[in-house]
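Hi everyone, thanks for coming.

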Amino acid sequence: MDPEAFRSKMSGLAFGNVMAAAARNYQKEMLANDKAQSSSTANEEVDLDELMDDPELEKLHADRIAALKKEAEKRQALKRQGHGEYREVSEGDFLGEVTGSEKVICHFYHREFYRCKIMDKHLKSLAPRHMDTKFIKLDAENAPFFVTKLGVKTLPCVILFRKGIAIDRIVGFQDLGARDDFTTMTLEKLLIKKGIINERKCEEDDEEDNGDGPNSRRSVRSLQAAVIKTGSQSDVILSNHLLNMYAKCGHIEEALKMFDEIPQRNLVSWSALISGCDQSGEHLLALNLFSKMKLDPNEYIYSSVIRACAALLALKEGQQIHAHSLKSGYSSISFVSNSLISLYMNCHICNDAFSIFSSNSELNSVASYNSIIKGFAENLQPERGLKVFELMRERSVVPDPFTFVGVFGICTDTEDLRRGIEFHCQAIKLGLDVTAFIGNVILTMYFKCNSIEEAEKAFDSIEEKDVISWNTMITACSHSGDHANSLKVFGDMMREGIDIRTDDFTLASALAACAGLASIRHGGQIHGHIIRTRHDLDIGVGNAIVNMYAKCGNIGYSNLVFDRMLHRNLVSWNTIIAAFGNHGQGRKAIEMYEQMKEMGVNPDSVTFIGLLAACNHAGLVDEGRAYFNVMKEIYGIDPEVEHFSCLIDLLGRAGLLEEAKFYIEKYDFKDNLIVLGSLLSACTLHRDVVVGEWVGSRLLELQPVTSSPYVLLSNLYANDGKWEGVAEARKMLKGSGVKKEQGHSLIEVKGMIEKFTVGDFSHSNAEEIKGILRNLSWAVSQVSL
């Protein structure tokens, strides 16, 4: 046996075989051939150990392993960049997705058009097969800039981008003959023909289906091959089983092909295919198949097509099928009725849904009650949903976890704490509160009702907390102002180990807590953790890091993180604009605003709050006034109290008090405490008693709940020497019963946040602190100035 021939054979073996086993199998094959030859011919033996140690052979396989690993890493890198998956992007993210990318297929769609859902379905099916292409979609209704710029008039449509430039309007439904039932294969061939995506070899499809489980495409194909070999294709029972397997596994194209090959289809054939299409999201295809049926449908087919109508919001077609099921006598079957309830609830016809529920005495299952409760909650009729729950309890139907998800959702939306506590008690009796599934919704309910103590108890009662449990608790503490406790919960989560992995929402919430505490130490640690564990920075996390550094006073780091973000959305720009504004760098904030517009990102209300605040801190009166005016004139954004407060404060600081008064009267903000308070503060600063008295009288009529207006008015009179006015303001303050809010300071000591409040000496180290202050006072008294 020639060693060179042996190496050649080994080089052709597939990766993953054990080298020694492959060598022995090959040797056995060669020995068998040798025995068939003349016995006088001496067999040439191969030393396996020597071949195993052969450096050339080792290098051959090492190179193959390295090449496969490199290819796998390349595919992972492409996937992280958004290739090979179909994603919806916001208008702010659009340019970041298409710029610099070699090939991007963008689907411009309109939510109300059914045909958009067809294109959606096919692009979603195509995306995983083409790792060299990004598949993204953008709602044309919310993207007027791009729609106008690209001349998109026919929806839906697909446009090919190369490195940010739209080079071709690829396909609309008119190009496909205005058909709603074209296949993924048809669309793929069209895209390949136009050079949008590369034609893939069959081995890539095999890579996707390399599982050995019963649900893999390969397993079903092997069973189908066995049926063909035995000549059993005409057996409708076997064919139906194969069809059902393809359909239930989501391999709809194979199921359709199998369906077409069945010579005599029966009701089971139609039921398996229609049900599979519905479960795989091919709702329109399910309806098309139903319309072509010559046989009378059964209850399973009715249930599937009604669910398809519910998903498509196809009320007219659903009502026709409802009438058909009534004539056939299947509408009273429980799962058909439940599908009808879902249809009418999805189409916002709640009374019809409830009529079906009330008229059918057999609908006493928990699933039926859950459908009604969920439907009323989604249609903003919470009281009716709760009445159905009470009816359920009266009929002794035991609620399941999905029932409690519905009723706790209602309590959360309505902030009904009393009823939420009642349902919590019932969940405890049934032993459901200790599960993460129910414990998380209980936790959310208490959090939205501002009952943090009860939220902590609910959190502690969950036996196996998941990442949603931890995220909800971190967010609850942060939103209630207890940022230190929020970071403590985050630390506890990290100490849980590998069972609980932080996600992007966890990190963004923890960074928000660091920003609330202005703790750059903790924020920097979390940032370091992100760098070590995340290959790609999520936009939301990146925005949180930018905000954290800005709130902690390090605008340089904030700007650096922003510059290194590969993808930015509108929130990113708003964050950096506000950051520069709060640090007094108004010109830099304006510069970022101009860059944002050049990138095609339209500002929103929050953008102008940041801009006006930046102009206010930097004293840019003309720029601030201009931005306030264009906000409504160009972008159609009505000014809110935050915008107005910034403008009034800006004009007030510049001494333009009459102009500020003019704006207040023009925009009818005469009754807003914040706006009037800003102007009164400016009057005190510039000693303008005339405008100050006008503002003060308006403020006092509104009966403010803080002491600030009284104190400002008193200071205004004192600056002008009007002591009677000072006495009157102090008297009104005393008579109002309003107490001045005590000031406090926060400092960080060895990673712990310490709070000191005026007049509060309850701190554990109060005596030690007072001793240090006495020493400092003595030292200062010894210094001669």
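So, how many helices and strands are in the secondary structure of this protein? The count comes to 41 helices and seven strands. Keep in mind that this is a predicted model, so every number I give you is computed from that prediction.

A few overall figures. The protein has 785 residues, and buried ones make up 44% of them. The accessible surface comes to about 41800 Å², and carbon and sulfur atoms account for 52% of that. Then look at contacts between residues at least 6 apart in sequence: 62% of those join residues at least 24 apart.

Okay, on to the inside. Here's a bit of background: in soluble globular proteins, nonpolar side chains tend to be buried together. In our model, the largest nonpolar core holds 141 residues. Which of its residues touch the most other members? Those are Ile274, Ile526 and Leu679. The core also reaches across domains, with at least three residues coming from each of domain 2 (228-468) and domain 3 (640-741). Apart from it there's another core, made of twelve residues, including Val89, Leu95, Phe108 and Ile136.

Leave out residues up to four places away in sequence, and Leu679 touches Ile648, Leu657, Ala660, Lys661, Ile664, Val691, Trp694 and Val695.

Now for some nonpolar residues on the outside. Ile769, Ile772, Leu773 and Leu776 form a patch on the surface, and together they have about 350 Å² of accessible area. One of them, Leu773, sits in helix H41, which covers residues 766-781. Is Leu773 buried, partly exposed or exposed? Its relative accessibility is 48%, so Leu773 counts as partly exposed. The cut-off for exposed is over 50%.

Next up, charges. Side chains of opposite charge can pair when their charged atoms come close. A search of the whole structure turns up 17 salt bridges, and I've picked a few to show you.

First example: Arg419 pairs with Asp416, with their closest N and O atoms 3.9 Å apart. Is Arg419 buried or exposed? Arg419 is buried, because its relative accessible area is 16% and the cut-off for buried is under 20%.

Arg587 counts as exposed, at 54% relative accessibility, while Glu623 is partly exposed, at 23%.

Helix H34 comes up again in the next example. The side chains of Glu659 and Arg625 meet in a salt bridge, 2.8 Å from N to O. This pair links distant parts of the chain too, with Glu659 in helix H36 (residues 657-666) and Arg625 in helix H34, 34 residues apart. Glu659 is partly exposed at 23% relative accessibility, and Arg625 is partly exposed at 21%.

Glu317 is in helix H16, residues 315-328, and counts as partly exposed at 37% relative accessibility. Glu317 and Leu287 are 30 residues apart along the chain, and their C-alpha atoms are separated by 8.9 Å.

Last stop: backbone angles. Most residues other than glycine have a negative phi, and most peptide bonds are trans. With that in mind, what is the phi of Leu380 near? It's near 60°, a positive value in a residue other than glycine. Where is Leu380? Leu380 lies in the loop between helix H19 (366-378) and helix H20 (382-394), and is exposed, with a relative accessible area of 76%.

Glu415 has a positive phi too, near 55°. Glu415 is in the loop between helix H21 (401-414) and helix H22 (417-429), and is exposed, at 53% relative accessible area.

Notes:
Residues are numbered from 1 along each chain as its sequence is written. This is a predicted model: local features need pLDDT of at least 70, side-chain atom pairs count only at pLDDT 80 or more; totals for chains, interfaces and linings use all residues. Side-chain values use heavy atoms; hydrogens and water are left out. A nonpolar core is a set of buried Ala, Val, Leu, Ile, Met, Phe, Trp, Tyr and Cys residues joined through side-chain atoms within 4.5 Å. Buried means under 20% relative accessible area, exposed over 50%, partly exposed in between (1.4 Å probe, protein chains only). Domain bounds come from an automatic or database domain assignment. Contact means heavy atoms within 4.5 Å. Patches are made of residues with over 30% relative accessible area and no salt bridge: like charges are joined within 9 Å, nonpolar side chains (Val, Leu, Ile, Met, Phe, Trp, Tyr) within 5 Å. Accessible areas come from the Shrake-Rupley method with a 1.4 Å probe; for residues, only the protein chains shown count as cover. A salt bridge is a side-chain nitrogen of Lys or Arg within 4 Å of a carboxyl oxygen of Asp or Glu. Helices (H or I, at least four residues) and strands (E, at least two) are DSSP runs, numbered from the N terminus.
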